[in-house]
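Please read the following note with the sequence and the model open side by side. The points are ordered so that each region may be located before its details are discussed.

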Amino acid sequence: LELDGPVGNKKDFKAFSRRMAVCEWRSPEQLKELLDLELKDEGESESKILQRCREAIRYSVKTSHPRFFNQLFAGLEPYSTVASFIIESIKTSLYTYEVAPVFTLMENAVLRKMIETIGWEEGGDGIFNPGGSMSNMYAMNLARYRYCPDWKEVGLYSAPRLVVFTSQEVGLHSSPSYSVNEGGKMIPSALEERIQLAKREGAVPFMVNATAGTTVFGAFDPIEEIASVCEKHNLWLHVDACWGGAALMSKKHKHLLKGIHRVHSVSWNPHKMLMASLQCSAFLVRDKTSLLQRCHSARASYLFQQDKFYDVSYDTGDKSVQCSRKPDAFKLWLMWKALGSRELEQRVDRALAMARYLTQEIKKRDGFQLLMEPEFANMCFWYIPPSLRKLPEGPELWTKLHAVAPVIKERMMKTGSMMIGYQTHGDKPNFFRMVVISPQVSRQDLDFVLEEIHHLGQDL
């Protein structure tokens with residue numbers, strides 16, 4: 001790691017040098033040979049342990065490298081990293097104020113600011129937890145509890161068939177999915193039809209899960225229109241904004257989540273575009289009746305005594321399905337304190353500006369083809385090698401093109417030059433999905449990506 005100038009210089013922080021490989025790829029069997037994984041009766045010397053640390057770093061993927069574009073997280077955030085070290089050093093759990101007084105107040109402050117950013121003028125509640133999937137589960141729990149709180153005590157054996165509506169992009173076979181357009185956005189009229197159908201079949205719709213920033217295409221469902229449908233049918237509306245929630249920080253881009261103030265709950269992962277250290281995931285709910293606590297409370301008498309000498313409303317553990325819970329909000333709090341809202345806004349604006357630059361470069365270069373015009377920081381595109389460029393669109397081209405991305409991915413991993421994900425979607429052949437996040441990424445890095453893909457795949 002390098003720091004140009006004083007530690008407090010926010011602009012000049014650099015992560016891994018571009019001269020370093022993004023990864024030193026080894027197969028599982030090779031890595032087992034290189035690493036002494038066996039745990040023994042006797043301990044090792046400090047020099048040996050330092051060697052183990054160096055090996056762990058050397059053979060791990062450098063996700064903070066400026067040419068790592070493989071996931072919905074990237075880059076190294078120095079203030080959040082410092083917060084992570086402090087959290088591990090203090091080693092506390094966020095269930096009672098008595099054992100985590102500082103972090104309890106910090107989590108509360110961060111949640112209030114995020115609620116304000118969403119636009120819930122009357123306030124709300126929330127909790128940090130391990131990942132967006134857990135946040136979405138909390139939304140399911142609360143929506144069901146609101147529908148019938150008695151089920152917490154008596155169980156579901158006599159319950160009617162409950163229905164949650166979610167996008168085809170999510171792909172939950174047990175939940176009816178609503179239709180999406182070619183850009184991956186939900187169609188509100190199709191949702192209305194599915195709700196009516198479920199009711200005619202005797203089912204009980206109770207929740208709709210919308211998405212603000214889908215994993216693949218970065219699509220934003222039309223929240224305003226969905227909210228109107230949900231209000232008509234008295235359904236809980238949850239928005240999975242784990243990826244796209246960062247757009248709320250930007251005056252220029254927050255229109256992508258128009259109507260977010262009307263929803264019941266939101267999941268938002270600051271460890272994604274805002275770059276807080278993993279993991280940093282918030283679940284937020286537009287409720288001030290202690291719904292989180294009433295839904296999840298187990299009233300453990302060894303933790304949540306009601307006759308404590310302080311205000312027990314600060315004991316947040318009964319909001320959670322967990323007991324031990326890390327103070328992840330500190331990673332966002334310290335970063336936000338250091339940078340301020342304006343610089344976080346600039347971080348979002350810059351990421352989307354860089355995505356637009358890459359989009360224009362893809363359009364200009366032979367052999368590159370966008371799947372669709374990106375709405376957010378997700379670029380989905382094909383690389384078509386010279387040998388395939390004269391083939392007409394049809395089964396032969398798609399079959400051969402399907403094999404291109406996996407080979408290029410293998411080659412980039414083995415050279416360590418960069419990392420980009422690929423996948424298929426529906427009946428589309430494999431394509432690259434690239435996500436721009438880190439402010440350490442330059443236009444030259446994005447040019448390099450396209451040149452390197454061509455270099456690695458031009459012979460296919």
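Predicted model: local features only at pLDDT ≥ 70, side-chain atom pairs only at ≥ 80, totals over all residues.

1. Strand E3 and strand E13 (residues 419-425) are paired in the parallel sense, and two bridges join them.

2. The axes of helix H12 (residues 404-415) and helix H13 (residues 443-457) cross at roughly 110° and come within 9 Å. Because of this angle, H12 is described as roughly perpendicular to H13. On the H12 side the contact involves Ile408, Arg411, Met412 and Thr415, and on the H13 side Glu452, Ile453, Leu456 and Gly457.

3. H10 likewise packs against another helix. Helix H4 (residues 101-118) and helix H10 (residues 329-364) have axes 9 Å apart, at an angle of about 60°. H4 is therefore oblique to H10. The crossing of H4 and H10 is left-handed. Among the residues that meet there are Phe103, Met106 and Val110 in H4, and Phe330, Trp333 and Trp336 in H10.

4. Is strand E5 largely enclosed or largely open to the outside? Of the six residues of strand E5 (residues 162-167), five are buried, so the strand is largely enclosed by the rest of the structure. E5 pairs with strand E7 (residues 204-211) in the parallel sense, over five bridges. Within this pair, phenylalanine 165 stands opposite valine 208 in E7.

5. Lysine 272 deserves attention on account of its database record. UniProt, in an unreviewed entry, lists Lys272 under "modified residue: N6-(pyridoxal phosphate)lysine". In the model, lysine 272 is placed in the loop between strand E9 (265-268) and strand E10 (281-285). Its relative accessible area is 16%, and it counts as buried because the cut-off is under 20%. Apart from residues up to four places away in sequence, lysine 272 touches Leu72, Cys242, Trp243 and Ile437.

6. Methionine 273 also lies in the loop between E9 and E10. Methionine 273 is buried, with a relative accessible area of 1%. Its contacts, leaving aside neighbours within four places in sequence, include Trp243, Ala246, Arg347, Phe376, Ala377 and Ile437. Methionine 273 and alanine 377 are separated by 104 residues in sequence, yet their C-alpha atoms are 9.2 Å apart in space.

7. Serine 277 is a further residue in the loop between E9 and E10. Serine 277 is buried, at a relative accessible area of 14%. When residues up to four places away in sequence are not counted, serine 277 touches Ser80, Thr81, Ser84, His271 and Lys331. From serine 277 to methionine 354 the separation is 77 residues in sequence and 22 Å in space, C-alpha to C-alpha.

8. Where is glutamine 279 placed? Glutamine 279 is in the loop between E9 and E10. The peptide bond that leads from leucine 278 to glutamine 279 is cis, with omega near -15°.

9. Two backbone values remain to be checked by the reader. Asparagine 234, in the loop between helix H8 (223-233) and strand E8 (236-240), has a phi near 55°, which is positive although the residue is not glycine. Asparagine 234 is exposed, with a relative accessible area of 57%. Serine 290, in the loop between E10 and helix H9 (291-296), has a positive phi of about 60° and is likewise not a glycine. Serine 290 counts as partly exposed, at 38% relative accessibility.

Notes:
Residues numbered from 1 in each chain as written. Heavy atoms only, no water. UniProt positions renumbered as here; feature names shortened; annotations may be inferred. Helix = DSSP H or I, 4+ residues; strand = E, 2+ residues; numbered from the N terminus. Buried < 20%, exposed > 50% of the residue type's maximum accessible area, 1.4 Å probe, protein only. Contact = heavy atoms within 4.5 Å. Pairing = 2+ DSSP bridges. Axes fitted to C-alpha atoms, helices over the stretch in contact; angles between N-to-C directions. Parallel < 35°, antiparallel > 145°, perpendicular 65-115°, else oblique. Left-handed = near helix turned anticlockwise from the far one by under 90°.
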